[in-house]
Amino acid sequence: MPDGPLGDLHRRLRDLHRDAGLPGAPHMAAKTDYTHSTMRRLMVDAATPRWPVLLAALVRLCPLAQWPLEPTIREFHRLFEAVTSDASTGTDVAPAPVLVDDPAESARQAGSTSARALVVGVNTDRAGLVDAHVSELGDVLLELNGRRTDRVHVVTDLPAADVEPTLRRLSAVIDPPDEQLVHLIGPGAHGSRSVYFAATEPADGLHLGAFLERLEDVKGPNTLVLLDIAVSASDGTHNPQRWRLLSGHDGRVAVLGVVIPGQPQLLGRFSEAVAVVLRRLHQGTLPIHPREPFVPLSYLRDAIRRELTLTPGKAPLPAHFFVDDVPVGNLEQAKFVLNRRYRPDNGVRLELAQDDEARAFLDELAAEAPALDPGHYFGRAAGRPGADVRSPVLFSGREAELSTLQTWLDEQAPATALRVVTGQPGAGKSALLGMIVCAAHPSLAALRVFGSARRQPPGTFAAAHARGLLVQEVVRSIAVQLGLGREVRAASELLAALAARPADAAVPSIVIDALDEATAPREHLDLLLLPLAALERATAPGRPACRLLVGTRPWPEFEQLIRRATATGGLCDLDEVPWARQRDELSTYLSRRLQTPFFDEHAFGEADAETLARRIADNLTDPRRNRAARGGPFLVAVLHAHRLMRAASRPGADPMSLRVPAHLGEVLELDLAARSPDRLLRPMLVALAQARGAGIPERLLRDTTATMATAFQRRSAPQARRIPRPSEDRIADLLASVSFYLRRSPGPDGTTHYRFFHQALSDYMTEHPGGPSEDWR
């Protein structure tokens, strides 16, 4: 343990860890944006930690240790500031990021200036029921608003006539009001066309339909209205349309809640669910992606509904109780609830980027054109796990191919418009294209590790990772990157726009990787790629309208594209690289990789690394190997090197004796075989193999894993009982244990989605769901 401020910080962190019961790294990493390896380094290495990692650990450990969260964060921030300002540490670190424990300040950084909440409760004859719910909601909302009492107003037994005047008074308190949340809980009555709040007779209550229309019509803030109302049941029929309270609006008011007919004992269930969800959001335990500054309204709605329908021991509320009027579009980006996982400062995030956090940063670079997927290109080009932008790029070899492609991209008047890079999975197609894209794409200028000499001007270079995408999605991304406008959506429109460019304009370059993994690849080929390859500029006949570089497997359906590239000398077949050159290039890469540890790996010395690298390269490039096996030599080498370096960190292990896998699937199988048996792990991997697009969300993964685990068990025991749905913590620990093989991306609902980082892994698990074949065991 070092002396001085750094030692003080680590000793205090050890105290907290001890009082929390010494939880393991996977448990500490669960529900955070960091891997279990990152958390392990925080606890094991006596080095200056990164503040975001330390903060995530505090949020996880304080509840376990029963330490007060906010005072503890302030204490550790003081310790952290002392470390970063202490010259004796010998560290050159940036000033500590400002601790933001006031959500209103975080909201301001994310683009919001204010928010307010009003909770109105009207008691029933069940004494104290509403008071308790109002008090709980008020406490949660105060936490979300940094204990700012001027932003949260809680009222009980407010007369119906005073609800709107109270809102108007609040408008004068906060200027300007951006968003407001109004929660109403209490008895009501139903008339012929609406619901009346705070009354048992319609004439005495607040006409909710008229109230909501006035909120919509009067110029003011976006409003989320949450309703928890119990009404009497007079006729025994409850038409769901009766609870549709807004007849038509332009999207400034959203309504969520329940109107409960004839069962007053259920009053408060909705308020309980809201409080539970908001508290989890405040604690950062719900999987909202760090890219989202605020919780998407659709996710908030779905999370509350899940709480009402899936809470153990409580009957789900009938569907016709629900009021659900969330306008599409305008309010989806409203700033009602802050996402505690949000990373507000991209500059700070780039400086601190490491592991999965860097992937989130790279995803943000593509926010305007999601199909770009810079995390894909960066990860392949770097030639190593994770995406630490400060660490060395390990790509090596393929010099001839790289030089040829870069020369072609630099030509002002290219002789040929089409180049195709092909080869089996893991042959290095994406790594080669990744080097091209990261060096040339103007939006990746911050990644200095690739150099900037070949950076292309904005509007002249576009790239897309076609995995799981429709041709329209790729077209839109290309159009945005080339500055052709968001209105370009069809392939024909893109072709026309490119052909119409001025005669003296630069020839733009377009890179498409993973054509074979696209949705309906034949449509990509017929509607977009083949026409692009043949397209000439209308203003300069005979001159290509663009350069097109495509990466794909050599499948028969792409024969026309490959044949066209071959005819013009534009085919790069990585499967045809001579064995001797593959062996040398693979050996060079492995020697560098084995000396560069990541995560919980152990580095080899130079001599051992070179010996081991040559042995592996000789094995993987043996002509007698099964060339049809999934996974080319480079991808197998990447995964096997990680396995060797993890084994080297364990006492008594002899990495030199570990068998060199024959193919990609065997790498994964050898890793799984070395783990303790777990009846859920393989079913979860099989479920992940079915992921499409951005991947599969954690919520759906829990259900699918239980279903597949039950199916596996019933193969040997047909009468076996159904395996229960795993908990959120259980599935999070499993995901953390195999994080090396996974890619995390923001899904359309703002939550984190998971999938394998390479299609070949998905292919293998789909083909071998029950375990490895007998031919290599």
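Visitor: What does the protein contain in terms of helices and strands?

Guide: Remember that this model is predicted. Its secondary structure comes to 28 helices and 18 strands. The protein has 777 residues, and buried residues make up 58% of them.

Visitor: What share of the contacts join residues at least 24 apart?

Guide: Take contacts between residues at least 6 apart in sequence. Of these, 73% join residues at least 24 apart. Ala 230 gives a case to look at. Ala 230 sits in strand 6 (residues 222-231).

Visitor: Is Ala 230 buried or exposed?

Guide: Ala 230 counts as buried, because its relative accessibility is 10% and the cut-off for buried is under 20%. Now look at what surrounds it. Leaving out residues up to four places away in sequence, Ala 230 touches Gly 186, Pro 187, Gly 188, Ile 260, Pro 264 and Leu 267.

Visitor: How do I read a helix with a buried side?

Guide: Start with the general idea. An α-helix has 3.6 residues a turn, so residues three or four places apart point the same way. Now take helix 22 (residues 606-620). At 1.5 Å a residue, its 15 residues should span 21 Å. The end C-alpha atoms are 21 Å apart, which agrees.

Visitor: Which residues of helix 22 are buried?

Guide: They are Ala 609, Leu 612, Ala 613, Ile 616, Ala 617 and Leu 620. Look down the axis of helix 22. The buried residues fall within an arc of 135 degrees, so they line one face of the helix. Ala 607 and Thr 611 are exposed on the other side.

Visitor: What do the buried residues of helix 22 pack against?

Guide: They pack against helix 21 and helix 23.

Visitor: Where is Thr 621 found?

Guide: Thr 621 is in the loop between helix 22 and helix 23. Thr 621 is also buried, at 0% relative accessibility. Its side chain makes a polar contact with the side chain of Arg 583, at 3.2 Å. A polar atom of that Thr 621 side chain also lies 2.5 Å from the backbone oxygen of Ala 617.

Visitor: Which residues is Thr 621 in contact with, leaving aside neighbours within four places in sequence?

Guide: They are Trp 579, Gln 582, Arg 583 and Leu 586.

Visitor: How many residues of helix 25 are buried?

Guide: Nine of its nine residues are buried, so set beside the cut-off of under 20% helix 25 (residues 681-689) is mostly covered. Among them are Leu 681, Arg 682 and Pro 683. Met 684 and Leu 685 are also included.

Visitor: How many aromatic pairs does the structure hold?

Guide: The structure holds two. In one, the ring centres of Trp 555 and Phe 558 are 6.1 Å apart. Their planes stand at 10 degrees, so the pair is stacked. Trp 555 is partly exposed, with a relative accessible area of 30%. Phe 558 is buried, at 1%.

Guide: The other pair is Tyr 589 and Phe 634. Their ring centres are 6.3 Å apart and their planes are at 50 degrees, so this pair is tilted. The pair links distant parts of the chain, 45 residues apart. Tyr 589 is in helix 21 (residues 579-594), and Phe 634 is in helix 23 (residues 633-647). Tyr 589 is buried, with a relative accessible area of 3%. Phe 634 is buried too, at 13%.

Visitor: Which residue lies over the face of Phe 322?

Guide: Arg 305 does, at 4.1 Å from the ring centre.

Visitor: How do I read a positive phi?

Guide: Here is the general idea. Most residues other than glycine have a negative phi. Gln 66 has a positive phi, near 60 degrees. Gln 66 is in the loop between helix 4 (51-65) and helix 5 (69-84). Gln 66 is exposed, with a relative accessible area of 73%.

Visitor: Where does Ala 514 lie, and is Ala 514 buried or exposed?

Guide: Ala 514 lies in the loop between strand 11 (509-513) and helix 19 (521-534). Its phi is positive, about 60 degrees, although Ala 514 is not a glycine. Ala 514 is buried, with a relative accessible area of 6%.

Definitions and conventions:
Residues are numbered from 1 along each chain as its sequence is written. This is a predicted model: local features need pLDDT of at least 70, side-chain atom pairs count only at pLDDT 80 or more; totals for chains, interfaces and linings use all residues. Side-chain values use heavy atoms; hydrogens and water are left out. Rings of Phe, Tyr and Trp (its six-membered ring) pair if their centres lie within 6.5 Å; planes under 30 degrees apart count as stacked, over 60 as edge-to-face and the rest as tilted. Buried means under 20% relative accessible area, exposed over 50%, partly exposed in between (1.4 Å probe, protein chains only). Helices (H or I, at least four residues) and strands (E, at least two) are DSSP runs, numbered from the N terminus. A charge sits over a ring if NZ of Lys or CZ of Arg is within 6 Å of the ring centre and within 35 degrees of the ring normal. The expected span of a helix is 1.5 Å times one less than its number of residues. The arc is that of the directions from the helix axis to the C-beta atoms. Contact means heavy atoms within 4.5 Å. A polar contact is a pair of N or O atoms within 3.5 Å; within protein, one must be able to donate a hydrogen and the other to accept it, and residues adjacent in sequence count only if both atoms are side-chain atoms.
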